[in-house]
Amino acid sequence: MASGGEGPADGSPDWADTSIDLSSPGLAKASTSMLDSGEDFEVLDEDDDDDLSELPPLEDIGTGRTPPARDDTQVPGSEQAPEEASNMPQAAEEWLDVLGSGLLKKKTLVPGQGMASRPRKGQDVTVRLKAMLEDGSVVEDSPSLSFTLGDCDVMQALDLCVQLMEMGETASILSDAKYCYGPQGRSPDIPPHAALTLEVQLLAVQDAPDLELLRGREKIQLANRKRERGNFYYQQADYVLAINSYDIALKTIDSSSKVDVSPEEEAELLEVKVKCLNNLAASQLKLDHYEAALRSCTQVLEHQPENIKALFRKGKVLAQQGEYSEAIPLLKAALKLEPSNKTIHAELSKLVKKHAEQKNVETAMYKKMLGNAGTSSTPAPCKDKLPRSIPWKWLFGATAVALGGVALSVVIAARN
């Protein structure tokens, strides 16, 4: 489903290990096969030159996007939007400015079954979708697209506007690129910064399944879909929404179950959890959330003490905090597991050099401190006391006279 940027859940390995089937040819280029490609570690490398290095800063992408995705009550502007829509006749010529900025507008083409039939956040919806560029060329035509409303499973324009649609309604949506595929676009059919026109019909609405009642295989598939969506947002450099998707995936995995789950399914769920935590740490590091990233890496290592990615990332985070003595053993452990990995070699060499420089600075500082203390305290008391001390010759003479007197007294006493 191209609009959602996701593909069927297949339990594939972590996004840095295999290609991500997000139904987007452009994203397929981000795939790698082994850790030694270095791409898995690019989230920590400050000097990398891969595709993500040229993406705009997060604040440019997040402005106007993050709040509607993370808010659990209403999207910005939508507090008035449903009310306005309810007071407006459903006429084809009237447009609704969804966010009040003119960047996302909705027009009803075919009225629905009334406001009471509108879907709510957290429900599963099914829509018919047709997406077109400004020149009219169709870039997507899906007769049945299903997603969870409010989970950011699809492009923002669709997620926001479907909340304002009624059952059976057909609507036209004009969206700025910010709420579609943004500065990156979607190779090869959607260019960067491309606005889209969407034609959407709301076909079905139902409550999302109870996580506790999901069978093991269903839970795995759902968690993988959320994880893959997080991967999509990571590739788009929208790390806040990536974190949101990984959090949803982890919530799915960690939910209690009222049905039996086989040992094999438990093991697979653990693998998905480890992938989510690793990618969550990568996203947190992009936002400089070091403590959160450390917690994510630590959770991975609790389940898999020899997980190379977690060892590397945790070591890098500690190094960025100046904790070289703790970081170096982690990178050495990762290198021992994969001795041919050039990325780990380079990073470990850099850390050892920085650690040595740090120790040299500390040693020089301690020497200076101790040297100042010695020159200021040790010699002074000696110089003060020597002139006032009694010469040893006088002490020897006085002692001899005293002993002589004692001996004379003893002799006299003996004669008497």
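**Helix packing in a predicted model**

In this predicted model, T298 is partly exposed, with a relative accessible area of 27%, where buried means under 20% relative accessible area, exposed over 50%, and partly exposed in between, for a 1.4 Å probe and protein chains only. T298 is found in helix α9, helices (H or I, at least four residues) and strands (E, at least two) being DSSP runs numbered from the N terminus. The C-alpha atom of T298 is separated by 9.9 Å from that of A281, which lies 17 residues apart from T298 along the chain.

Residues are numbered from 1 along each chain as its sequence is written, and side-chain values use heavy atoms, with hydrogens and water left out. Because the model is predicted, local features need pLDDT of at least 70 and side-chain atom pairs count only at pLDDT 80 or more, whereas totals for chains, interfaces and linings use all residues.

The pLDDT, which is the predictor's confidence in each residue from 0 to 100, averages 77 over the protein, and 67% of the residues score at least 70. Over residues 1-92 the pLDDT is below 50, and this stretch has 202 contacts in the model beyond near neighbours in sequence, a contact meaning heavy atoms within 4.5 Å. Where pLDDT is low, the predicted coordinates should not be read in detail.

The protein has 14 helices and 6 strands, and buried residues make up 46% of its 416 residues. Of the contacts with a separation of 6 or more, 67% are accounted for by residues 24 or more positions apart.

Helix α9 (residues 290-303) has 14 residues and reaches 20 Å from its first C-alpha to its last, close to the 20 Å expected at 1.5 Å a residue, the expected span being 1.5 Å times one less than the number of residues. In α9, the residues A292, A293, L294, S296, C297, V300 and L301 are buried, and the buried residues of this helix pack against α8 (263-286) and α10 (308-320).

Two packed helices are described by the angle between their axes and the distance between the axes. Axes are lines fitted to C-alpha atoms, for helices over the stretch in contact, and angles run from 0 to 180 degrees between N-to-C directions. The helices α8 and α10 pack at an angle of about 25°, with their axes 10 Å apart, which makes α8 roughly parallel to α10, given that angles under 35 degrees count as roughly parallel, over 145 as roughly antiparallel, 65 to 115 as roughly perpendicular and the rest as oblique. The contact is made by N278, A281, A282 and L285 of α8 and K309, A310, R313, V317 and Q320 of α10.

By contrast, α10 and helix α11 (residues 324-337) pack at an angle of about 155°, with their axes 8 Å apart, and α10 is therefore roughly antiparallel to α11. Among the residues that make this contact are I308, L311 and F312 of α10 and Y324, E326 and A327 of α11.

Elsewhere, helix α7 (residues 239-254) has 16 residues and is mostly covered, since 13 of its 16 residues are buried. The axes of helix α6 (residues 216-235) and α7 come within 7 Å and cross at roughly 170°, so that α6 is roughly antiparallel to α7. Residues including K219, L222 and A223 in α6 meet residues including Y239, L241 and A242 in α7.
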